[in-house]
Amino acid sequence: MASTNKPAVPVQEAEPASEDRLAARLLKKRVELEVDKVFRALVKLEGSDLHMKVGQPPIVRVNGTLRPLNRPPIDAEEMVRLLIPMLDDRNRNIFDKDGGADFAYVVDVDGVSWRFRVNMLQQLGNVGLVARRINNYIPPFEGLNLPPVIENLCKFDQGMVLLAGVTGSGKSTTIASMLNWINQNYRKHILTLEDPIEFVFSDDKCLINQREIGQDVSDFGIAMKHAVREDPDIILVGEMRDEETFLTAIHAAETGHLVFGTIHASSAPTTIGRILDLFPEEMHGAIRSAIAFNMKGIIAQKLLKSIKPGVGRVPTCEIMTFNATITKLVLEGKDEKLSDAIRIGAEEGMQDFTMSLKNLIDAELIDRPTAFAVAPNKDALKMALKGINVSQPGIL
C-alpha cells in the first residue's frame, strides 16, 4: 500500500530506546553477510518481497510483480553459503528440526536500518528463502487509502477486531496504522505479542510493550498467560492460526480487553466459517456465541495495483461491523445472509468488496479491468458503477 503522502509518525523518531534496542538485538554478534547485498537491492528497488530459490537468480516483488535481479542463478552450494549464516543457534535448531524457520532480520542500507520478516525453508532438499520488507514508517489511514470508518473500530474499550486476507494483503500494515491511531489519541497500555516483531511503535500517549515470541517469551501460550498480569488495555495477538490462539484471544476480549488479530480468510462473512474450522463441531455453538457477543468488526482486504502516479498498491476492503442484524445472523448460523446484511448496513459504515471497488474506481486509484478481475460479483459491480443499488432489505 505505497503512498506519496508523508506518514504522520516515522518509526525512527521513536525514543532512542525502542527502535535502537530492537535493531541492536537483531544485529548483535552479527557481521556483514554476503546475502545483505541482495536485501539492499530489494530496498533500493522499493520491492516488498524477496524470493531466493536454487536454480534461479534472486527475485523481488515490486508493486505486485515478480522480477529477477540481474545476476546469475544461485546453485545449491552458494545458497547454503548465503543463507545459513543468517541463522542464530535457536533458529538453526528450529530449521533443522522443522525444515523451516521464521525470524526477523535487519540490514543497514545507507545508514538506515531496514527490518525484514524472513521465512527460511527447505524445498526439494534445497535451502530457500522468502523475506518481506517491513516499512520504516507506520502510515496513517489516509496514507494507506483506507476508508475512514476504520477509525471507529479503534474506539472500543473491549472486544475483538480481526483483519482477514491472504498473505501479503497488507493486514499487518493496517493493524499497525490502527494501533498507532490509538497511540496518538488515547492514554492506554498496548501489548503486542508477535512472531516476529514487525512495526516498532513509539510511545506517544500510550504505553507500548512489544514481546517477540521465541526471543522475549518462549511461546504464545506463556505470553498470553503473562499478558493478563501485565495490565494491558489493548492486545495484538498476531495470527489466529489454531484453536488455542483463538480461545485465549476471545477470552481476553471477554474479560475487558480490546484484542486485534489477523486470520487467513477471503472475505468478512467467510471469516466466521474459517474460525469455526479451528474447532470440533460440538463446540461450534459456543464459538458462534463468543463471536457474536465479542466481535466488534472484521475487515477483509486485498491489495490491488494502482494507476495513480506515486502509489504502488491500494487496498480494497470489505468491512463488517457487528450490529444487531449481524449478531443475530451469526448466532442463528445464517452466514449465507451476511453479505446482504453488509450491503444493507452501508449507512453504518459497512461496505462489501463491490462498493469498495466502485469507490476506488471513482477516486481514480484503480482502473476498471483491475476491479473486474477481482470482483466477487461482476454484475453487481457493473450495476454499482451505473449507480444502481443492489441492496435487498426484504431478504433478511
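Q: Which residue stands opposite Thr262 in β13?
A: The model is predicted: local features need pLDDT of at least 70, side-chain atom pairs count only at pLDDT 80 or more, and totals for chains, interfaces and linings use all residues. Residues are numbered from 1 along each chain as its sequence is written, and side-chain values use heavy atoms, leaving out hydrogens and water. Strands are DSSP runs of E with at least two residues, helices are runs of H or I with at least four, and both are numbered from the N terminus. Opposite Thr262 in β13 stands Glu239.

Q: Over how many bridges do β9 and β13 pair?
A: Two strands count as paired if DSSP finds at least two bridges between them. Val161 has Phe260 as its bridge partner in β13, and Leu163 has Thr262. Strand β9 (residues 159–164) and β13 (residues 258–263) pair in the parallel sense, and the number of bridges is six.

Q: Which strands are the edge strands of the open sheet?
A: Seven strands form this sheet, with mixed pairing, in the order β11-β10-β12-β13-β9-β14-β15. An edge strand here pairs on one side only, which holds for β11 (207–212) and β15 (313–321).

Q: Which helix makes a right-handed β-α-β unit with β12 and β13?
A: β12 and β13 pair in the parallel sense over four bridges. A crossover is right-handed if, with the strands pointing away from the viewer, the path from the first strand over the helix to the second runs clockwise. The helix between β12 and β13 in this unit spans residues 243–254 and is α7.

Q: What arc do the buried residues of α10 cover around the axis?
A: In α10 (residues 324–332), the residues Ile326, Thr327, Leu329 and Val330 are buried. The arc is taken from the directions from the helix axis to the C-beta atoms. These residues lie on the same side of α10 because they cover an arc of only 165°.

Q: Which residue caps the N-terminal end of α10?
A: A polar contact is a pair of N or O atoms within 3.5 Å; within protein, one must be able to donate a hydrogen and the other to accept it, and residues adjacent in sequence count only if both atoms are side-chain atoms. Here a side-chain oxygen lies 3.2 Å from the backbone nitrogen of Thr325, and the capping residue is Asn323.

Definitions and conventions. Buried means under 20% relative accessible area, exposed over 50%, partly exposed in between (1.4 Å probe, protein chains only).
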